[in-house]
Amino acid sequence: MSPQNPMERMYRRTFYVNFENEPILYGRRYTWLCYEVKISKDPSKLPWDTGIFRGQVYFEPQYHAEMCFLSWYCGNQLPAYKCFQITWFVSWTPCPDCVGKVAEFLAEHPNVTLTISAARLYYYWETDYRRALCRLRQAGARVKIMDDEEFAYCWENFVYNEGQPFMPWDKFDDNYAFLHSKLKEILRNPMEAMYPHTFYFHFKNLRRAYGRNETWLCFAVEIIKHCSTVSWKRGVFRNQVDPETHCHAERCFLSWFCEDILSPKKNYQVTWYTSWSPCLDCAGEVAEFLATHSNVKLTIYTARLYYFWKTDYQEGLRSLSEKGASVEIMDYKDFKRCWKKFVYDDGKPFQPWKGLQYNFLFLDCKLQEILE
């Protein structure tokens, strides 16, 4: 289909009717999608482009607002050597069909990051729609519920507001709290695996990896029985976009592990493969956890060292080691093992990148200096 041209703004009544954050809302048959496209590292911080798409009056997914945006974006043939940050403010979260196309789009455009802030969750009680939200996260998109600041931002930038301020409706805060909690519940459990483009981008062992602003954590939990281990659980966590907790991947794991898995009557061997070594705060929390749970042994294989030249972060790594954690730099065999266990590889082998061994030697040397 030919790309639909975006609108610049919507009318006030349109915004209030379609972006009302009532969890269950009838009669809103269209998705409205307000977008911003920014160029990463642009000194001006200004959007490259903004606009609005509305799902058209057709049942076919190709006419949904999300598909209209993707068609428009791809039609612009933006340069692959630049990195783009896309933000959607949507009245409904995407349907499963659109999620599939968004996942394909992100796989084909590793230079693009996508954040989706939604006023409402579409059929959040249906299994297929819940799985679709998890698939978005697996594909690398950030999914969150619009808060009061984002509603005000949309009102200011995408509405013919005639100088009037955004006025929240009755039960606005209650609705946000419910939807935020519901989305958190849906995304709380670990992912099964990640897509190849996500792995190659986030686990590349660069010395200073600019643009990798989140941690991906692949884990394997084994139960220790009679001096041997039995594989039990495994999965993937990534940093969550949570304005209340700013939950890093390490905290996500600890929360899930302590609430759903941990038993004082069992001994555990936990193995992490992380894109970044833990930050100072997470290192402290993990060290504290290990100090109070002698039945848990932790091994951390990390692709890169987070701010390894800063004293505080070095202390965080030492505190982990002092509490019994084994911290190592991922080598070729570790990347290959991680690829096999935690990536939807379609039978394709891991392909090492140029400089992998050289960067490993550099980072391993730095880690040994820190832990001495």
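Reply: Let's begin with domains, whose bounds come from an automatic or database domain assignment. This is a predicted model, in which local features need pLDDT of at least 70 and side-chain atom pairs count only at pLDDT 80 or more, while totals for chains, interfaces and linings use all residues. Residues are numbered from 1 along each chain as its sequence is written, and side-chain values use heavy atoms, with hydrogens and water left out.

Me: OK, which domains does the assignment give?

Reply: It gives domain 1 (12-188) and domain 2 (196-371), and their centres, taken over C-alpha atoms, are separated by 31 Å.

Me: And how many residues are in contact between domain 1 and domain 2?

Reply: Taking contact to mean heavy atoms within 4.5 Å, 16 residues of domain 1 touch 20 residues of domain 2.

Me: Where does the largest pocket lie?

Reply: The largest pocket lies between domain 1 and domain 2, because both of them give residues to its lining. A pocket here is an open set of points on a 1 Å grid over the protein atoms alone, where a 1.4 Å probe fits, with protein on both sides within 12 Å along at least five of seven lines, whereas a cavity is a set from which the probe cannot get out; lining residues have an atom within 4 Å of a point.

Me: What is its volume, and which residues lie nearest its centre?

Reply: The volume is about 1,000 Å³, counted as the space filled by probe spheres set on the points, which are joined across faces, edges and corners. Of the 39 lining residues, Gln-85, Thr-113, Leu-114, Arg-142 and Asn-213 lie nearest the centre.

Me: How does that lining divide by class?

Reply: The lining of the largest pocket has 15 nonpolar, 14 polar and ten charged residues, where Ala, Val, Leu, Ile, Met, Phe, Trp, Tyr, Cys and Pro count as nonpolar, Asp, Glu, Lys and Arg as charged, and the others, Gly among them, as polar.

Me: Switching to cavities, how many of 30 Å³ or more are there?

Reply: There are two cavities of 30 Å³ or more, and the second largest cavity holds about 40 Å³ of space.

Me: Which residues line that second largest cavity?

Reply: Phe-253, Leu-254, Val-270, Trp-272, Phe-289, Leu-290, Val-296 and Leu-298 line the second largest cavity, and by class they are eight nonpolar, no polar and no charged.
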